[in-house]
Amino acid sequence: MSYTGPGFDPPRPRRSRRGPLTVALAALVPGALLGWAVYAAVDGPGDGGGPAKASASVSASSGAPSPATASPSGDSGDRKPGASPTAASPSASAPAASGPLGGKVVVIDPGHNPGNFEHTAEINRQVDIGTNRKACDTTGTATDDGYAEAEFTLDVAHRMRALLEEQGATVKLTQDADRPFGPCVDERARIGNEARADAVVSLHADGSGAGNRGFHVILPGTVDAGAADTRAIVGPSRDLGERIAGNFVRVTGSAPSNYVGGGTGLVTRKDLGGLNLSTVPKVFIECGNMRDSKDAALLTSGAWRQKAAQGISDGIVSFLRG
Ligand code: ZN
């Protein structure tokens, strides 16, 4: 890829802190983004996400984000590339048998693959996603200073695996930089299906314009075409996604996206093979925008990634425990 990013903007990890009252209140509020509403009402979304707009739109529409505003590009849910990857070191998985999630299977799908940059021909191969054909996989994006999305997704996946295994879940990753590229989006879905996963989360970070900030969870829309039939998973996937969004807000303090989802942090899409071909509850999460310097400062912080992993994992635990 020949992309050359804008000037380097050094990461400045900082975040307005919430008081214990906010956390306590948010923890008590069930459902999607009520936690965020409480958070916004108490002390605003912090540095920059458009507090008035975000707060107002959350209270106005918590259930039906417009898919029309979602990114149409690629199958990853996010935008395009930027930089050289750095291979993450795989760590061994150690399935646990006991704990509150004993017997539950969680598949974590780290978006992209650090090797995709060197296998553009292979990942551009078209695969059937039911509604149409799309590229096998994409390279993913990167921060202006070259922190690759594929590195980010693997790091968060490893952190989530540790947290979920502590709860007794059996955790499987769709890739762990242990293959040259991919898997393709259809295979990513198949891995969750064949594992009979109780929940699948595909991890991403977006590549939108500077100034666009915040996270969003992508839910499968109703699709019944070819090999795709999401009718059975739309409901449970929304439940999973709402719980993840609510817990992500609670733990990270990040605001829902200020550029898609109408302030809800939820976006429904029918154009992603990874969702269309899933037969088990599945969502994507775009944890932030790598091309915005303030979001990039968060995404490149290990401490923040631990919070992100905790928030997503807490959402999964909430979903699996009902
Ligand atoms: Zn992505």
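In strand E10 (residues 282-289), Phe-284 is the bridge partner of Ser-202, a residue that also stands opposite Asp-109. The model is a predicted one, in which local features need pLDDT of at least 70 and side-chain atom pairs count only at pLDDT 80 or more, whereas totals for chains, interfaces and linings use all residues. Residues are numbered from 1 along each chain as its sequence is written, and side-chain values use heavy atoms, with hydrogens and water left out.

Ser-202 belongs to strand E5, and strands (E, at least two residues) and helices (H or I, at least four) are DSSP runs numbered from the N terminus. Strands pair if DSSP finds at least two bridges between them. E5 pairs with E10 in the parallel sense over 6 bridges, and 5 bridges join E5 to strand E1 (residues 105-110), again running parallel.

Turning to the cysteines, the structure holds 1 disulfide, defined as a pair of cysteine sulfur atoms within 2.5 Å. Cys-136 is joined to Cys-184, with an S to S distance of 2.2 Å. The link is left-handed, at -90 degrees about the S-S bond. Distant parts of the chain are connected in this way: Cys-136 sits in the loop between strand E3 (133-135) and helix H5 (149-166), and Cys-184, 48 residues apart from it, in the loop between strand E4 (170-173) and helix H6 (185-194). Cys-136 is buried at 0% relative accessible area, as is Cys-184 at 6%.

A search of the whole structure finds 2 aromatic pairs, for which rings of Phe, Tyr and Trp (its six-membered ring) need centres within 6.5 Å; planes under 30 degrees apart count as stacked, over 60 as edge-to-face and the rest as tilted. Phe-215 and Phe-248 have ring centres 4.8 Å apart and planes at 50 degrees, so this pair is tilted. Phe-248 and Trp-304 are edge-to-face, at 5.9 Å centre to centre and 80 degrees between the planes. Because Phe-248 lies in helix H7 and Trp-304 in helix H10 (residues 302-321), the latter pair ties together parts 56 residues apart in sequence. Phe-215, Phe-248 and Trp-304 form one aromatic cluster.

Definitions and conventions. Buried < 20%, exposed > 50% of the residue type's maximum accessible area, 1.4 Å probe, protein only.
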